[in-house]
Every structure is written in C-alpha cells, then in structure tokens.
Amino acid sequence: MYEFLATSAATSGSSTTITFASLSIGAYDSIHVSGVMSGTAQSTAYAYLTLNSVTSTTYGWNVRGMENGNASPSAGDNSNASNQGRFGRVPGSHLNAATIYASVNMDIWGHRGTSAFPGRPAWLCQGGFVDTAGASYVGWGGGYNNSISAPITDIKFVLNNGTWAANTQFHLYGRTTS
C-alpha cells in the first residue's frame with residue numbers, strides 16, 4: 001500500500017531543480033515517485049536526481065529506450081562515476097513544452113541507511129512521451145549511489161539543459177508493509 005507524502009512542482013522557467021527536502025521516510029519499505037515532466041530547452045534534456053545533496057562521482061546509472069519503436073545504441077547511455085544519477089529524458093520546447101510531458105514512474109529502495117536496514121540507495125524509473133509530430137520515446141533508467149549510507153533526507157530532480165516547464169510535478173509516496 002502507498003501513502004501519499006508530498007508533491008513538489010515547478011513554476012514556469014524558474015529552476016533547474018525540484019526538491020523534496022527534510023524527508024523522514026525511514027518507516028517505508030520503498031519510496032515511489034510519479035509525475036509528469038517537461039523542459040524549456042530548445043532540445044530534449046536529460047533528467048537526473050541527487051540524494052542527500054551528494055554530488056560526488058558516486059552515482060552509477062544506465063538508461064535505455066526505444067525511439068519510434070526502434071531500439072538503437074543512440075537510445076542508451078550509462079556511467080559508473082557520475083555526480084548525479086540520470087533517470088530519463090525530458091521533452092523540450094522544440095516539442096511544444098506547453099503540451100508535451102514525459103511520464104515518470106520511479107521506485108527508490110535502500111533508502112533507510114540504518115543498522116537494521118543497511119544498504120545503498122538505488123532506483124528504477126520508466127517513462128515516455130510522444131511529440132507533436134507523432135514521434136515517440138519510451139525508456140527506463142536505473143542506478144545507485146555507492147557512498148550514501150545514511151537515511152535519505154532529500155531528493156532533488158535536476159535538468160542538464162534549460163529549466164523545468166510549468167506544470168512539471170513529482171508526487172512522493174511511501175510503500176508500507178501492510
């Protein structure tokens with residue numbers, strides 16, 4: 001069962017970062033994030049996350065996707081030493097950001113960082129969008145941070161290009177055991 005915890009949203013063209021801060025999520029087995037995202041850049045941007053404001057090269061990630069029904073090497077990327085964890089692609093203003101949003105469906109686990117629940121945080125995200133010309137992108141991104149051993153207290157969603165478009169929003173849920 002999921003319990004709603006919070007919503008964090010962008011204001012038009014105001015920021016490259018959307019943050020969930022001062023989190024107390026240790027009672028949950030995993031964290032779920034859902035939402036929609038779009039950007040203001042003139043091209044497709046990449047969406048990243050940081051956990052506990054850690055921006056050292058301790059994130060590893062792998063993203064793959066299908067563009068217009070075709071998987072190709074250009075549709076995927078990975079890193080073993082990044083300062084942020086990539087989780088998806090964001091449609092830019094060239095795709096009419098006022099109406100094109102990518103879906104977000106992400107789970108985060110290993111977030112507790114306690115002696116009873118040790119481990120490192122990891123995530124898996126699925127999302128996609130169809131642009132105004134009918135071209136489609138569906139993909140997934142997964143990754144981890146190998147240095148964080150404390151409980152997760154903040155999650156930041158960051159763009160590598162442009163700012164978050166208006167109406168971009170993320171919803172945070174905690175998964176309970178009952």
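This is a short walk through one protein structure, from its overall make-up down to a few single residues.

Okay, before anything else: this is a predicted model, where local features need pLDDT of at least 70, side-chain atom pairs count only at pLDDT 80 or more, and totals for chains, interfaces and linings use all residues. Residues are numbered from 1 along each chain as its sequence is written, and side-chain values use heavy atoms, with hydrogens and water left out.

So, what is it built from? The protein has 0 helices and 13 strands. Of the 178 residues, 47% are buried, and buried here means under 20% relative accessible area with a 1.4 Å probe, counting protein chains only. The accessible surface is about 8,000 Å², and carbon and sulfur atoms hold 52% of that; the areas come from the Shrake-Rupley method with a 1.4 Å probe, and for residues only the protein chains shown count as cover.

Now for contacts, meaning heavy atoms within 4.5 Å. Take those between residues at least 6 apart in sequence: 77% of them join residues at least 24 apart.

Two strands count as paired if DSSP finds at least two bridges between them. Strands 4 and 8 share 5 bridges in the antiparallel sense, and one of the pairs to look for is leucine 49 with glycine 85 in strand 8.

Next, strand 3, residues 30-37. Is it enclosed or open? Seven of its eight residues, 7 of the 8, are buried, so the rest of the structure largely encloses it. Strand 3 pairs antiparallel with strand 13 over 7 bridges, and valine 33 has leucine 172 as its bridge partner there. With strand 9, strand 3 also pairs antiparallel over 7 bridges, and serine 34 stands opposite asparagine 105.

Let me zoom in on one residue from each of those two partners. In strand 13, which covers residues 169-175, find histidine 171. At 18% relative accessibility, histidine 171 counts as buried. Its side chain makes a polar contact of 2.8 Å with the side chain of threonine 7. A polar contact is a pair of N or O atoms within 3.5 Å; within protein, one must be able to donate a hydrogen and the other to accept it, and residues adjacent in sequence count only if both atoms are side-chain atoms.

Over in strand 9, residues 102-109, there's valine 104, buried at 5% relative accessible area. Beyond four places in sequence, valine 104 touches residues including Val33, Ser34, Met37 and Phe170.

Which brings me to the core. The largest nonpolar core has 38 residues, and Met37, Phe87, Met106, Phe157, Trp164 and Phe170 have the most contacts inside it. Strand 4 (residues 45-51) gives the most to this core, with 5 residues. By nonpolar core I mean buried Ala, Val, Leu, Ile, Met, Phe, Trp, Tyr and Cys residues joined through side-chain atoms within 4.5 Å. If you click on methionine 37, its contacts beyond four places in sequence include Ala47, Phe87, Val104, Trp164 and Phe170.

Conventions:
Buried means under 20% relative accessible area, exposed over 50%, partly exposed in between (1.4 Å probe, protein chains only). Helices (H or I, at least four residues) and strands (E, at least two) are DSSP runs, numbered from the N terminus.
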